[in-house]
Amino acid sequence: MSHGFEMEPAKGPAIPDQKLIAVASRLLDHFNQFLMNLSMLALVLTACILTYSVISRYFFKAPTDWQDEASVFMLVGVTFFCTAYVQSYRGHIGIEALASLLPAKVNAFRMLMVDVLSFLFCAFFSWKSWTLWHEAFVDGQTTTSTFAPPLWIPYGMMAFGMSLLTLQIFVQVLARLTNKRGAR
């Protein structure tokens, strides 16, 4: 049973054998890397905003009412924008107890079924997220605070990130089905 500490880190996402899927995978990898860099910047900005809020409140007795929601909105974006990147490295939490017990062909089928079920779940989650975004956008929903930013912003980031994750899993399913050698 591996806990990962003895394994070498992945050098990059798996490259599919089929050329068209490989091109789509590379484009997705570049976009995921861009979103990862944007997310790192947003995380630093979130830390700066919260630090400013604490300093402003403690030293100058000047509370702010916008920092919590701005930080939460950015953290929602960071969380959902990074899911496809993590999936491209197969970095999401998985239970490996069965992998060492099953024969290779059965394990390959199990991994394909997990990917297909994950794709279906994420596709449903994406669809529901887009309907939530649409409802918030059309109805002009805002938070209940005095700052009252529109709710379509975090819902849009959630829907976009889940859609990207769904696309990433779909590309990985296609790669698994078309690869001649074993795919990650």
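Let me start with one term: a residue is buried when its relative accessible area is under 20%. Keep that cut-off in mind, please. The model on the screen is a predicted one.

First stop, S25. You will find S25 in helix α1. Is S25 buried or exposed? Its relative accessible area is 4%, so S25 is buried. What touches S25, once we skip neighbours within four places in sequence? The answer is A14, P16 and V171.

Now step back to the whole chain. The protein chain has five helices and zero strands. Read along the sequence, that gives the pattern α-α-α-α-α. Its C-alpha atoms fill a box of roughly 65 × 40 × 30 Å along the principal axes. The radius of gyration is 20 Å, whereas a compact globule of 184 residues would come out near 16 Å. Of the 184 residues, 35% count as buried. The chain exposes about 11900 Å², and carbon and sulfur atoms supply 73% of that area. What about contacts along the sequence? Take those between residues at least 6 apart: 73% of them join residues at least 24 apart.

Next, the helices themselves. Helix α1 covers residues 19–59. Here is a quick check you can follow. At 1.5 Å a residue, its 41 residues should span 60 Å. The end C-alpha atoms are 59 Å apart, which agrees. Look at the start of α1. A side-chain oxygen of Q18 comes within 2.9 Å of the backbone nitrogen of L20. Now look past the other end. K61 follows α1, and its phi is positive, near 55°.

Helix α2 takes residues 67–81. Those 15 residues reach 21 Å from the first C-alpha to the last, close to the 21 Å expected at 1.5 Å a residue. Which residues of α2 are buried? They are Q67, E69, A70, S71, F73, M74, G77, V78, F80 and F81. And what do they pack against? The buried residues of α2 pack against α1, α3, α4 and α5.

On to the cores. The largest nonpolar core has 11 residues. Which of the elements gives the most? That is α5, with six residues. There is also a second, separate core of 10 residues, which includes I21, F73, F81 and A175.

Leave aside neighbours within four places in sequence. Then I169 is in contact with Q87, D115, S118, F119 and C122.

Not counting residues up to four places away in sequence, Q168 touches L28, D29, N32, A84, Q87 and S88.

Then R176, also placed in helix α5. With a relative accessible area of 14%, R176 is buried. Its side chain makes a polar contact of 3.2 Å with the side chain of D115. How far is R176 from T142? They are 34 residues apart in sequence and 43 Å apart in space, C-alpha to C-alpha.

Last topic, backbone angles. Most residues other than glycine have a negative phi.

R90 lies in the loop between α3, residues 83–88, and α4. Its phi is near 55°, a positive value in a residue other than glycine. Its relative accessible area is 26%, so R90 is partly exposed.

A148 sits in the loop between α4 and α5. Its phi is positive too, at about 50°, although A148 is not a glycine. A148 is partly exposed, with a relative accessible area of 29%.

One recap before I sit down. The chain has five helices and zero strands. Thank you.

How values were computed. Residues are numbered from 1 along each chain as its sequence is written. This is a predicted model: local features need pLDDT of at least 70, side-chain atom pairs count only at pLDDT 80 or more; totals for chains, interfaces and linings use all residues. Side-chain values use heavy atoms; hydrogens and water are left out. Helices (H or I, at least four residues) and strands (E, at least two) are DSSP runs, numbered from the N terminus. The expected span of a helix is 1.5 Å times one less than its number of residues. A polar contact is a pair of N or O atoms within 3.5 Å; within protein, one must be able to donate a hydrogen and the other to accept it, and residues adjacent in sequence count only if both atoms are side-chain atoms. The radius of gyration is taken over C-alpha atoms; the globule rule is 2.2 Å times the number of residues to the power 0.38. Buried means under 20% relative accessible area, exposed over 50%, partly exposed in between (1.4 Å probe, protein chains only). Contact means heavy atoms within 4.5 Å. Accessible areas come from the Shrake-Rupley method with a 1.4 Å probe; for residues, only the protein chains shown count as cover. A nonpolar core is a set of buried Ala, Val, Leu, Ile, Met, Phe, Trp, Tyr and Cys residues joined through side-chain atoms within 4.5 Å.
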